[in-house]
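Hi,

Here is the structure I said I would pass on.

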Amino acid sequence: MGNEEFYKEAGDAIKACDKEKAADVAKRALAAGIAPDEILKKGFIVGITEMGDLFERGQVFLPELVLASDAMSAAAAVCSAAVAEAGGDEEVEEAIVLGTVQGDVHDIGKTIVVAFLRANGYNVHDLGRDVSADKFIAKAEEVDAKVIGMSALLTTTMREQKRILEALEKQGLKGKYKTIVGGGASTQNWADQIGADAYGEDANDSVKKINALLGR
Amino acid sequence: MSKIWTRMGDGSAIELTPDELRQEIVAGSEDAADKGQIPALDENEIDKLVEIFSAPWRVIGVEPGHEVPLTKDETACTLVSSQLSSGAHLQISREDAVEVFERVFAFDTMELGWIDYSFKPAKPMVSLDQVAVERLLSTTIFPMLYGAMPNMGLYYTPDGPFTNPADLLPLMKMDEARAEEMNAAELCMEDMIYVCKRFDEIGADGIDFDTTASAGDADFWATLKTVEELKKTTDLGIEVGMSGEFILGMHGEVEYNGKRLAGMFPHQQLKVVEEAGADIFGPVCNTKTNKAAAWNTARAVTFVKEVCKQATIPIHVNVGMGVGGVPMFETPPIDAVTRASVAMVEVAKVDGL
């Protein structure tokens, strides 16, 4: 079996949302001598990127996207373990703390962003909805997060994003975490005004912005 | 080359050359055509949009004779509340505000709704709202509707009895999530039918289902089934307004008359809304804040033009904060609002706004 066939099989396993198959392809590809980062980049990531595009076109839906991201995690775990076994540094998934801000219970968009981020290899701590500034910060400290993501759908609750940034500043933690805002009412202008590091227009854009913030 | 003053989708001011403006319009239309698998705007339509966006005036209007009805959703909260839609917080009642919309702003239809504007919280207040609508029916001339959002999210934890799919999906409990969505949809439908029939009893002219499908495909299903029931059993006129340009597949497999609802774009949404028996359809196209207003308007017009082409019922497009080509800004700039409105009438050929 040639490398190209492994890449295709890897992408297909993600698109089929098949966790066992994804892990199996990863193991067989590694056994055939393909480097872990090669099978990830040329196979699995191609598959998950295609799923993201299909989601935005209304051709696959949230349950499939969540299952695909689970399959992606299974494949990534196999590759990561292989790197460690070979004496390399096992890739540690960077932690992101994400939630819908206090006073706001709209969590559909946030859930989609979580699925996209997990599919892209991030260790996402989903705090859910109606999350206070204190909870955001406490969780970020606990898990040594790299990024804090704050979602707000409403013009009346987006000010809570500002409160979280102010709380970070008060506690001397502002520079410690990269911050990103998103949700129906947020814009790049708003992110600039309140001093957030980035604004995510939608789930795909949020992944791109977080990748850029973390130099991926 | 002279520059044209215009805006981005977040409302910020920018300047474009005529060539750049045209490129934005073409690209916006092509994006809609690609996403919705529908025709892009033709050269004449592109020219018209260039003309609309090149107009030197801050506020523009349609050609004489092309005026369309203005219908109002989201009730009269704009005037009464300080919290909703940049509310003016005037010290007047909701009923007074409705009359202002008729006699001062010259709207052609209006609705009353409970301040929370969702059917679930409106249900226990329905007797109060019945009295208000009944009074307004005798003091206004325009069609008087009752309006609310299905807002099916209110039926999930922490606000409702059913487990939130947003909690179940990450645990890979797909079947449980889907079951809870349909449980919520059934209860949402029961509440909507109950509330709407109370307004039929007092002779309301109609119901506006606003921001439908905000919780995804099951939310849309609940609305369609409610409309179907109301058309069978009442004389209510029915308007269905959307929440987004495509139906979010939270469930993914819900069907209406054999058609999968998830992933439907506006022209496909129209068909099931017509099948359910609605009298007016209000499509929504979302604004991208990092694209120019011209790009967003061209994109929205492309989607809505296809809706109008296929429609057998009147189309009253949503043109407001963050939809229909209007920038996502709490007080939408009037220059952008009038350009989007004119484009919808002159190019997409909508029946109303």
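How much area is buried between chain B and chain A, and what percentage of it do carbon and sulfur atoms give? This is a predicted model, so keep that in mind throughout. The buried area comes to about 2600 Å², with 59% from carbon and sulfur atoms. In terms of residues, 27 from chain A are in contact with 36 from chain B.

In one salt bridge, R129(A) meets D167(B) through their side chains, at 3.0 Å from N to O. There are also 9 residue pairs in polar contact between the two chains. On chain B, the elements giving two or more residues to the side that touches chain A are α1 (18-36), α7 (165-168) and α8 (174-201). That side has 14 nonpolar, 13 polar and 9 charged residues.

Now for chain A on its own. It splits into domain 1 (3-85) and domain 2 (95-213), with 27 Å between their centres, taken over C-alpha atoms. Domain 1 puts 11 residues into the contact and domain 2 puts in 8. Together the two domains of chain A bury about 760 Å², 69% of it on carbon and sulfur atoms. On the domain 1 side, E56(A), L62(A) and S69(A) lose the most area, together 44% of what that side buries.

Between these domains the rule finds 0 salt bridges and 1 residue pair in polar contact. Helices α3 (36-56) and α4 (62-85) of chain A each give two or more residues to the domain 1 side, and α4(A) gives the most, with 6 residues.

Cheers

Conventions:
Residues numbered from 1 in each chain as written. Chains lettered and ligands numbered in written order. Predicted model: local features only at pLDDT ≥ 70, side-chain atom pairs only at ≥ 80, totals over all residues. Heavy atoms only, no water. Contact = heavy atoms within 4.5 Å. Buried area = accessible area lost by both parts, 1.4 Å probe. Salt bridge = Lys/Arg side-chain N within 4 Å of Asp/Glu carboxyl O. Polar contact = N/O pair within 3.5 Å; in protein donor to acceptor, adjacent residues only side chain to side chain. Helix = DSSP H or I, 4+ residues; strand = E, 2+ residues; numbered from the N terminus. Nonpolar A, V, L, I, M, F, W, Y, C, P; charged D, E, K, R; others polar. Domains from an automatic or database assignment.
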